[in-house]
Amino acid sequence: MDFRFPKLSMPDVQQITSNATTMFSRAKQFTEEKLGNAERTEFDANFENLQMRYEKTKHWTEKLKAHTETVLQPNPKTRMEDFVYSKLDRKPPGRLNNAEQLGLIMTQAGEDFGPGTSYGSVLLKCGEAQMKLGQAEQTFLQTTVQNFLLPLNKFLEGDSKTIMRERQTLQTKRLDLDACKNRARKAKTLELRQQAEKELQVAQSDFDRQQEITKLLLEGVSSTQAHHSRSLNEFVDTQLEYYGKCFQYMKDLQNQLKNCEPSPSFNRSSLSGRGAVQLGSITTASNGDASIATSQANKAPTKTASLRGKQARVLYDYDASDQTELSLLADEIITVYEHPDLGQDWLIGQRGMVRGKVPTSYLAIVE
């Protein structure tokens, strides 16, 4: 294989030699400083404080950005997908969040059971509320990314990288300056001393100019912190609006469900921590007093039912069609009574203190 090197002119050779000499001089100065064999130019206290403030700002901005992204998207796989799409300058595909997925499943289940049934109606109401929660979350995520994450990322990808680049340039200028100082001190002849002092003046001028540029950039970090403070305020306002919407959606759902007939399993459950325990239509306060409220289902029959009750086993689930009927669960045991106004197709069923009409075909009398 024939290797051919490009022809270099004399100026090119001189430039390469000069660059190599400069790199060697910097490496030598850096090594001697680490070994304690050479002096180095120290920055003033104000400049050091500016550098420390920048380092802290950069460190905590990276932390804030990373953990905010984790809060907004807990799934690391999805975060990685979004990161890849952002690097490819493409919009990530739309996807349902957890609340929207749950709302979709509840809605499908409610439609399958039927909106006319008690269970289906409750599922549809809950599904609608979950969809609203999911949409509110989507709005919260988009607003947070726009008002909080983008300013953080803009600093890290813009100003921060510019400051890092200028600080690296300042470091090389400092090494050149200190190398010139060492050569000036070690010059033994007048000619070498004059040449070293001339190089020292140029290096000092380059160093001072670069330090001033870097200082101006570091002083700009204060405005960055002020901008991030405003972004934090907007983030808090967005959170407040989001959680306020969630609270209102769930409050509305709670009021809707209060108007629905509770299921049998709900009637048997107790609600703790509220100072009272509800069972059916009996409310027992924590101080031991009891008050009995008669439900609308109990008032449905106009004539007195037969006082001779019988035990009956429920054969199939039954959803009450209105408030005069009683919902049933398969295999549960209830007490039933005959009523002269209902005929042979219906009985009065009782579970605890709750009564309502029940179809005879869904029951088997227990002898």
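Me: I'd like to start with helix 6. How many residues does it have, and how far does it reach from its first C-alpha to its last?

Reply: Good place to begin. In this predicted model, helix 6 covers residues 190–219, which makes 30 residues. From first C-alpha to last it reaches 43 Å, close to the 44 Å expected at 1.5 Å a residue.

Me: Which residues of helix 6 are buried?

Reply: Burial is judged by relative accessible area, with under 20% counting as buried. In helix 6 the buried residues are Ala196, Ala203, Phe207, Gln210, Gln211, Thr214 and Leu218. Their cover includes helix 2 (45–72), helix 5 (118–186) and helix 7 (221–258).

Me: Which residues are buried in helix 4, and what do they pack against?

Reply: Ala99, Glu100, Gly103 and Gly110 are buried in helix 4. These residues cover an arc of only 95 degrees around the axis, so they sit on the same side of helix 4. They pack against helix 5. Now look at the face turned away from that buried side: there you'll find the exposed residues Asn98, Ile105 and Asp112.

Me: What comes just after helix 3 and after helix 4?

Reply: Have a look at the backbone angle phi there. Just after helix 3, aspartate 89 takes a positive phi of about 60 degrees. Helix 4 is followed by glycine 114, whose phi is also positive, near 105 degrees.

Me: How should I read a nonpolar core?

Reply: Here is the general idea: in soluble globular proteins, nonpolar side chains tend to be buried together. In this structure the largest nonpolar core has 14 residues, and those with the most contacts inside it are Phe43, Phe47, Tyr54, Ile163, Leu170, Phe207 and Leu218. Helix 2, helix 5 and helix 6 are the elements that give two or more residues to this core. Helix 5 gives the most, with six residues. Apart from this core lies another, of twelve residues, among them Ala99, Leu149, Leu152 and Tyr242.

Me: Which residues does phenylalanine 207 touch?

Reply: Leaving out residues up to four places away in sequence, phenylalanine 207 touches Thr41, Phe43, Leu170, Lys173, Arg174 and Leu177.

Me: Is serine 160 buried or exposed?

Reply: Serine 160 lies in helix 5. Its relative accessibility is 1%, so serine 160 counts as buried. Not counting residues up to four places away in sequence, serine 160 touches Tyr54, Lys58 and Phe155.

Me: And where is glycine 220?

Reply: Glycine 220 lies in the loop between helix 6 and helix 7. With 28% relative accessibility, glycine 220 counts as partly exposed.

Me: Where is the pLDDT below 50?

Reply: Over residues 262–307 the pLDDT is below 50. This stretch has 66 contacts in the model beyond near neighbours in sequence. Where pLDDT is low, the predicted coordinates should not be read in detail.

Definitions and conventions:
Residues are numbered from 1 along each chain as its sequence is written. This is a predicted model: local features need pLDDT of at least 70, side-chain atom pairs count only at pLDDT 80 or more; totals for chains, interfaces and linings use all residues. Side-chain values use heavy atoms; hydrogens and water are left out. Helices (H or I, at least four residues) and strands (E, at least two) are DSSP runs, numbered from the N terminus. The expected span of a helix is 1.5 Å times one less than its number of residues. Buried means under 20% relative accessible area, exposed over 50%, partly exposed in between (1.4 Å probe, protein chains only). Contact means heavy atoms within 4.5 Å. The arc is that of the directions from the helix axis to the C-beta atoms. A nonpolar core is a set of buried Ala, Val, Leu, Ile, Met, Phe, Trp, Tyr and Cys residues joined through side-chain atoms within 4.5 Å. pLDDT is the predictor's confidence in each residue, from 0 to 100.
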